[in-house]
Amino acid sequence: MNVSRKLFWAMAAFIVVMSLTFMLITNAVVRGLLGELTPSSDQEQISGLSRTLAEYYEQHGSSWNGVEKLASGDLLEEAQDSGLILYDVHDRKLAIFGSVAEPMIRGLGVKYSIETNERVVGSFRYYDPEISVISKVKLGISHGVGFLLIVSAVVFIVDALLAAYWISRRLTSPLRRLVSAIEQIKEGRHGVQVPVTTKDEYGEVASAFNRMSLQLGRAEDARRNLVADVAHELRTPLSIMRGKMDMLQQQGEAIEPEQLLPLQDELIRLTRLVDDLHQLSLAEAGKLSFEFSMTDVRALLEQTLERLLPRAQDAGIAMTLVSQAGSTMIPVDSGRITQVFLNLLTNAVRHTPHGGSIQVILSETQDADGRPWLEIAVKDTGTGIAPEHLPNLFDRFYRADASRSRHSGGMGLGLAIAKEFVAAHQGTIEAESSPGEGTTFRVRLPYSRDENA
């Protein structure tokens, strides 16, 4: 049974129970009020009848034997058009007195108890014209109220059930749309969106589902792109190696060592690609080991700049290091963080034209909670990056310049690896760029690291 039916039947059961409870309570209240409706003028006469019958019972040895022979005139005296039916303590009829027919007495008469010595010994139902009027009023009100209660209950239950059905369908309609969208995702249609029509919990669930669906779509696209990119990256060096080996085999001559150098270069590229993918996968899975120790980041950057200085000088690029931080000692994995800055600086050298400059600036900053951070900014005066490329800059195999060859540039893994390594240090990395004005990468690392994080 689906949620809509469960909700409908729950509401229907509640409606029926409440309607029946209302009918019973109303009926009991009306009967109680009608019970108080008695003719006050007959109370003395009723009391007299009760005493007379009680005296007869006592005078005949606590028995009703022979009571049917009692004269109606002696019992009812001067009452005209009246009647009485006598019952024993077990409600068995003993005698009928008066000129009124028994059905009239039973239908419109009022029943009273007969007591002697504080003990009920019988009862009688008495009828006279005044009591008849009161009884007819009681019956009319009782039957009218009962009829109105039944009709009203039926109308109310039918209307309420229709409303419950409509409400249950309306309340569960977002769930039905959500289930339909889930089925579409199950069939492989990632990125399906459901309309957000409310601002309640349903709306929050729909919004969360839409975000999840978009993430699944992006993840699926990333997976497909990853497979395609890895296949492309592997195909290029493998094709070169195969072509070179075919050529060497066709020559039919002894192979000189220098002829194997291109093959070695391609093998190095393949090895680097596999190593980078392996590191990135371990980092994303949180399984890459890090050895943190207090490290002077300024000294680490000086060593990194020295490694790249010959390449920068050949390209006519000036490289400088500026420290504006009071302390540059923070707990890091020196090997991993060196790889981060090496990737950033290599990219900067690659995209900075002849005569440009690269500046590395260390400074202290604070986050919104006032915690201190060490910020390392890598600024270049290169070609810059278009705004539409910035959101995907740290994705695997993503390159802002799609036309750039794989040999002239990197494989698109350096920034993705840098992002994972910085995240493992509980830091952040972001890029700022404008076409033609250069690019700035900002790495922020905390001064203190929570070992339990």
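Residues are numbered from 1 along each chain as its sequence is written, and side-chain values use heavy atoms, with hydrogens and water left out. Because the model is predicted, local features need pLDDT of at least 70 and side-chain atom pairs count only at pLDDT 80 or more, while totals for chains, interfaces and linings use all residues.

## Overall fold

The protein chain has 10 helices and 11 strands. Both are DSSP runs numbered from the N terminus: helices are H or I with at least four residues, strands are E with at least two. Of the 453 residues, 38% count as buried. Buried means under 20% relative accessible area, exposed means over 50%, and partly exposed lies in between (1.4 Å probe, protein chains only). Contact means heavy atoms within 4.5 Å. Among contacts with a separation of 6 or more, 65% join residues 24 or more positions apart.

## Helices α9 and α10

Helix α9 spans residues 334-351, and helix α10 spans residues 414-424. They pack at an angle of about 145°, with their axes 9 Å apart. Axes here are lines fitted to C-alpha atoms, for helices over the stretch in contact, and angles run from 0 to 180 degrees between N-to-C directions. The crossing of α9 past α10 is left-handed. That term applies if the near helix is turned anticlockwise from the far one by less than a right angle; clockwise is right-handed.

On the α9 side, the contact uses Arg 336, Gln 339, Val 340, Asn 343, Leu 344 and Asn 347. On the α10 side, it uses Gly 414, Leu 415, Ile 417, Ala 418, Phe 421 and Val 422. By class, the contact has seven nonpolar, four polar and one charged residues. Nonpolar covers Ala, Val, Leu, Ile, Met, Phe, Trp, Tyr, Cys and Pro; charged covers Asp, Glu, Lys and Arg; the others, Gly among them, are polar. An α-helix has 3.6 residues a turn, so residues three or four places apart point the same way.

Gln 339 sits in α9. Its relative accessible area is 18%, so Gln 339 counts as buried. Beyond neighbours within four places in sequence, Gln 339 contacts Gln 279, Ile 417 and Phe 421. In α10, the buried residues include Leu 415, Ala 416, Ile 417, Ala 418, Phe 421 and Val 422.

Val 443 lies in strand β11, residues 438-446. Its relative accessible area is 0%, so Val 443 is buried. Residues up to four places away aside, Val 443 touches Phe 341, Leu 344, Leu 374, Glu 375, Ile 376, Val 422, Thr 428 and Ile 429.

Tyr 127 belongs to strand β4, residues 119-127. Tyr 127 is buried at 10% relative accessibility. With neighbours within four places set aside, its contacts are Asp 81, Ser 82, Gly 83, Val 100, Met 104, Ile 105, Leu 108, Gly 109 and Ser 132.

Val 274, by contrast in setting, is in helix α7, residues 261-284. At 48% relative accessibility, Val 274 counts as partly exposed.

| Pair | Separation in sequence | C-alpha distance |
|---|---|---|
| Val 443 and Val 378 | 65 residues | 8.4 Å |
| Tyr 127 and Ile 105 | 22 residues | 5.5 Å |
| Val 274 and Leu 234 | 40 residues | 9.4 Å |

## Positive phi

Asp 91 is not a glycine, yet its phi is positive, near 60°. Asp 91 lies in the loop between β1 (83-88) and β2 (93-98). Asp 91 is partly exposed, at 46% relative accessible area.

Gln 426 is not a glycine either, and has a positive phi of about 60°. Gln 426 lies in the loop between α10 and β10 (428-434). Gln 426 is partly exposed, with a relative accessible area of 27%.

## The cavity

A search of the whole structure finds one cavity of 30 Å³ or more. On a 1 Å grid over the protein atoms alone, a cavity is a set of points where a 1.4 Å probe fits but cannot get out; lining residues have an atom within 4 Å of a point. The volume of the largest cavity is about 90 Å³. Its lining includes Pro 174, Leu 178, Val 194, Thr 198, Tyr 202 and Ala 206. Helices α5 (129-186) and α6 (201-251) each supply at least two lining residues. The lining divides into eight nonpolar, three polar and one charged residues.

Key: On a 1 Å grid over the protein atoms alone, a cavity is a set of points where a 1.4 Å probe fits but cannot get out, and a pocket is an open set with protein on both sides within 12 Å along at least five of seven lines; lining residues have an atom within 4 Å of a point. Grid points are joined across faces, edges and corners, and a volume is the space filled by probe spheres set on the points.
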